[in-house]
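Dear colleague,

Please find the structure below, together with its sequence.

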Amino acid sequence: MKKILRFSVYSFFIILFVSFRISAQTHNPTASAQNSEIPLLVSGQTFEKEISNGEKHLYKLSLKQNQFVKIEVLQTGCDVMLSLQSPEKINVFEFKNENEPNGAEFQTAAVETAGDYELRVINFDESGKKGKYALRIAETREATEKELSQTSAFKIVNGLAKNVKSGTATAEQILKVIGDFETALEKFRFAGNQKYEAMTLSSMGSFYTRIGNWNKAVELQKRSIEINRKIGAEDNISLLLTNLGTSYLRRNEPQKALEVFHESIKISEKREDIFNEIRTLNMLGNTYEELGDTVRAHEYQTRALEKAETEKEDSFSTQIFGDLGRLNANLGENRKAVEYFQKAIEAAQKSNNKRLEASAVGNLGVTFFGLGEKVKAFELLNRSLEINRSLTDKFGEAAALKKIGNLYLKLGENDKAIENIDKSLEIYRSLEDTQNLAETLLLSAKTESQNLEAAQSKSEEAISLIEKIRLRVNVAELRDSFSANLQDFYSFYIETLMKRHRAEPNKNFAALALQASERARARGLLNLLAESNTDIRQGIDEKLIGKEQETQNFLTARLENLTKVLNGKAKSEEIENLKQEITKIRADYEQIQLQIRTASPHYSSLTQPKTLDLTEIQTQVLDENTVLLEYVLGERQSYLWIVGKSDFRAIELPAKFEIEQPAREFYEALTARNKQIKFETDEEREIRIAQKDADLRNTSDELSAKILAPAMPFLNGKSLLIVADGALQYVPFAALRSKKDSFLVETNEIVNLPSASVLVLLRQEFGKRAPAPKTLAVLADPIFDKTDERFQAIAGNRSMKEVKPELIAVSGKRTRDGGNFDRRDGFELQRLPFTRFEAEKIGTFVPENQREKLLDFAASRRSAMSPELANYRFVHFATHGILSNENPELSGIAFSMIDEKGREQDGFLRVGDIYNLKFPAEMVVLSGCKTGLGREIKGEGLVGLTRGFMYAGAKRVTVSLWDVNDEATSELMAGLYKEMLGANKLTPAVALRRAQISMLKDKRWQNPYFWSTFILQGEPK
C-alpha cells in the first residue's frame, strides 16, 4: 500500500509532530555523505549520480546577496528530497514533491545574505534499489521583495523546528515560537503564498493547543482549512482536520470533534495516508472515551495500534499505549493497564517525549493505587508532577495535582487532598477546560465533609459545567453514553442534599434531592420523546435525506450479514472485519443524522425537555390514588422518595451492595428454570429448581424488607409508579412480598417508569393524539427455516391447514428465547406453537373488522415495519426475543426467516429499525424473551426495545425481564387481553394485574417465574 507523506514544507511537519520517522531519516541517513571535498554546483553544470535509499549527497552553492536560484533535479528510479542550508546552518528550505520515482522536481530560494550554502540530496525511495539523479541550477537572477520575504519566512519556520520538539518545549518557549510564527505568517502573506500561510496558521493553532488556548487554536485551524480549500490544496486537508478535531475535543466539544475526525479519516483512507489515518483512529478512540462509549473507544484504539504495528509507525506507540492503558484502567482491567502504561513510558523515554512520559507515569501511579501499591503510586505521581513542572506544562501539572488529591481523598487524608485539589482547581480555572474544571470541583466538594453548604455549592457549579458539555452532543447514542459520566456528579449532589435533610428535615433539601434524581435520569429518552413528534427532516435537502436512507439500508444489510456470520462458523477475523465495517457505516449514519439536525430549523427550535420538581410531580403526574416510589442506589447510602398527591417522604436505605446482592439472588431464584447446565440430568435439574423455589421466598422477603417495607404504611392498595435504579431494574416488583402471605401484585397495581418526567412528556406528546381507527394487530408463530412442517406442506403441495400445531412435539418447558448473538456456536430458532394459540385467543376479544392477524410467512419483518400497523391501537408481537450485550444493535425480535418459496430473508426487527417506525399505539406488547432488557447505561437505565417503541409513538410497552415460558405466556396474554378488550374494558395496567393474579391462583403457574416476568412501562392510565 502506498503511504502518502507530505513534504510541501518539510519542517512544518516536524513542528506538527507528524513525521518523526522521516525526520530520523533526514538527520540520520543510512548512508553517510561522501568524505571527499564537497563539489561546487554552478550554472551550466549538471551532476549525474547514483544514490541508494537513505544516502545523502552534499553540494556547495556560492550565492550573492538578494540572489534568486532555481534548482532542478531529474530523478530516475528514485525519489529524492532537496535541503538547502545557510552559512549559519539554518534550513532555507527542506523540500520534497509528492511525485513518484522518476520525473523532474524543482525548488527555488531567494537568499538575503551572500555566502556558501550547502545543498543536500537525500534518497527516500523505500524499494532499497539504487536510483539516479541529474542535478543542475536551472536559473539565477536578482530576487524580488516577495521572493525574499518568502525565503525569510521559511528560515524562521525551519529555525524553530529544532527548538520545539514534542514533549520538551516549555510554555515560555512555545509562546516565543508562536510570536515567531506571527512574523513568518506576515512574510508569507506579503509573498502572496497562501499555501504556506495556511500551514503557518495550522502550526500556530497546534501550539496554542499546547498552552491551552483552545479557542485560538480552533480559529486558526479553521482559517487554515478554509484557505487550503479555497486554493484547491486538498493534500493537507485530512491532517488539518485532525488538528482541528483535536482542538474541538480539548475545548470540550466532542460532537464537533467526531464530525471532523470522521471527515479526516475518509480522506486519509481514500489517499492511503497511513500516517494520518493512524493518528485519527487514535483521536476517535479518545473522543468516544470522552463520551463514555468505551466499546467504540476500544475498537478505534485497537485498530490504531494494529495499523501502527503493521506499518511500523513507531512514533505513535507512546500515545496509543497510553490511551489503551487509560481505557483499560477505566474498565477495571488494571493489570492490562499497567502493561500498556509501562510500554508507553518506555516508548516516551526512547523518543524523549517528556509530556507523554509524564502522562503515562501519572496514570500508572493511579493504576498501582487501585492495585493496593500506595507507596509506588505516590512516587510515580510525584514524578509525573515534577516532569510537568519542569516543562511548565500547566495542564499536565493540574492533572497530576488532581490525581494526587483524589488519592489522598480516598485515603481519608483530607488536608493533603485539599492542598493538591485546590492547586489543581486554581490552574483549571485559568484554563479553558470545562470538563476537568467540573471534575476537580466535584473532588473539591467531596473534601467539604464538614461544610455541607460549601459541598452543595461546589456540586451545583460542577453539574452546571458538565451539563454544558452534554448539551453539545446531538447524537442520541453518544448523548446516552455521555450521560453516564454525569452520574458521579449527581450521586454526590444527592448524597449531600440528603445529609442536609437529615440535619435540617424541615427544610427543602429532600425535595431538591428528588429533583436532582429526576435531572439525572432518562435524559436521552426525554430528548428523543421531545423530538419524536417533530419532522426534523422537513425542508432538508433531498440528497441528504436520500443519503441517510441509503446509509441506513446499507447498515441494515451489513447487520443482517453479521447476524448470519455469528450464527454460522465464521472465523474470528471475519467477524472482526465485519464489525469494523459496521462501525464505519454506523459512524457515517450518525454524521448524516447530525448534519440533518444541524440544518433543521425544526430541530433547532426544540427546547430541552424539562425535568420535574416535587410540586410538578404531585400536580402533573399523580392523582389521589397513585404513589410514586423513586429509588437511587448509592455506594454509601441509598434513598427512596415516596411521593403522594399531597404528601412526601424521603427514606434512607442501605448501601447499593446490600440491596443489589439480594436483588440478584432474587432474580437468579426466579429464573432457575431457564438455566441450562451441561450434563445435568432431569432429576438433578428438578432438585436444583426445587431448591431455588425454596430460596425464592427467603430472597423475596430479604429484598422486600430492604426496599419495600419502609414504604408499605403509605401504599394502602394504591397504584404504584416505580422508578428503579441499578439491579432493581431487573426486579419484578409484582413478585415482592407486601405482606406475609401476599405478593405486591395482590395489593397494588404497578407500572414502571424511567423517570416521572418521562411520563409528563409522554402525556404532552401523545395525550391529544386521536386514537387509531382499528383495535388489534397480532404478529405470531413465524416460520424460521425449511424444516418447519408448514413450509414442508407447501413444498409437498399440501394445504397449510393440514398442519396442526398440536401435532408438533411441544414441550411445556420451551421458552421464547431465540438465543444469543454473543455465543460463537450459533443458535437455533425453534417454533413456538403456543404463540399461535395466543394469537387465536386474544383475537376472539376483537371484532374481525377491527383486527389483523399475521401468522406463518405473514409474520415477517416487512409486516412488522409496515405503515399499516399505525392503524391499530394495540400491536402484539408473539415470537422469539434476541438480546446481545456485545452487539446491542443486533438485539431485537425474530420473524419469518424464509418466504413461501423457501428463499432466505432478513427476519430480525432490530433496535435500530424500531426507531424508524411510526407506531402511534396505545400499547405495544412484546411477548417474547427478555424484551424489557437492554444495554444498561447509568442514568438512562436499560436502553433497548422499550425506548425504541416509545420513540416510535407507543404510549406504553409491555415487556419481559427473562426468558418466558411459551405455554405460560400464552395463558397470561389471553388473560391480559380478556380484561383489557373483553367485557371489563380495564386499563392495561389494571388488566395486567388481574391476569397475573389469575395465573398465581392456578397451581400450574403459581410460581412467580411464570407470571411476574412481564412489566408495563409508560402511561399507567
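Throughout this message, a residue is called buried if its relative accessible area is under 20%, exposed if over 50%, and partly exposed in between, using a 1.4 Å probe and protein chains only. The model is a predicted one, in which local features need pLDDT of at least 70 and side-chain atom pairs count only at pLDDT 80 or more, while totals for chains, interfaces and linings use all residues. Residues are numbered from 1 along each chain as its sequence is written, and side-chain values use heavy atoms, with hydrogens and water left out.

Individual buried residues

E105 is buried, with a relative accessible area of 2%. This residue is placed in strand β6 (residues 103–111); strands (E, at least two residues) and helices (H or I, at least four) are DSSP runs, numbered from the N terminus. Between E105 and F188 there are 83 residues in sequence and 22 Å in space, C-alpha to C-alpha.

T151 belongs to helix α3 (residues 145–161) and is buried, its relative accessible area being 5%. Its side chain reaches the backbone nitrogen of A110 at 2.8 Å. Apart from neighbours within four places in sequence, T151 is in contact with V92, A109 and A110, where contact means heavy atoms within 4.5 Å.

G205 sits in helix α5 (residues 194–210) and counts as buried at 0% relative accessibility. Once neighbours within four places in sequence are set aside, G205 is in contact with A217, L220 and Q221.

Helix α29 (residues 756–766) is mostly covered, as eight of its 11 residues are buried. Among them are V758, L759, V760 and F766.

K458 lies in helix α18 (residues 452–471). Its side chain makes a polar contact with the side chain of E448 at 2.9 Å. A polar contact is a pair of N or O atoms within 3.5 Å; within protein, one must be able to donate a hydrogen and the other to accept it, and residues adjacent in sequence count only if both atoms are side-chain atoms. Neighbours within four places in sequence aside, K458 is in contact with L441, S444, A445 and E448.

Packed helices

Axes here are lines fitted to C-alpha atoms, for helices over the stretch in contact, and angles run from 0 to 180 degrees between N-to-C directions. Angles under 35 degrees count as roughly parallel, over 145 as roughly antiparallel, 65 to 115 as roughly perpendicular and the rest as oblique.

Helix α13 (residues 354–370) and helix α15 (residues 394–411) pack at about 10°, with their axes 11 Å apart, and are therefore roughly parallel to each other. On the α13 side, S359, G362, N363, V366 and F369 meet K403, L407, K410 and L411 of α15. By class, this contact of α13 with α15 has four nonpolar, three polar and two charged residues. Ala, Val, Leu, Ile, Met, Phe, Trp, Tyr, Cys and Pro count as nonpolar, Asp, Glu, Lys and Arg as charged, and the others, Gly among them, as polar.

Helix α10 (residues 294–310) and helix α11 (residues 317–330) cross at roughly 155°, their axes coming within 10 Å; the two are therefore roughly antiparallel to each other. The residues making the contact include A297, Q301 and L305 of α10 and I320, L324 and L327 of α11. The contact of α10 with α11 divides into eight nonpolar, four polar and two charged residues.

Helix α26 (residues 656–670) and helix α27 (residues 682–707) pack at an angle of about 150°, with their axes 8 Å apart, which makes α26 roughly antiparallel to α27. Their contact involves, among others, I659, A663 and F666 of α26 and L696, L703 and I707 of α27. Nine nonpolar, two polar and six charged residues make up the contact of α26 with α27.

Positive phi values

Most residues other than glycine have a negative phi. T392, in the loop between α14 (374–390) and α15, has a positive phi near 45° and is partly exposed at 26% relative accessibility. K930, in the loop between β22 (923–927) and β23 (934–937), has a positive phi of about 55° although it is not a glycine. K930 is partly exposed, with a relative accessible area of 28%.

With kind regards
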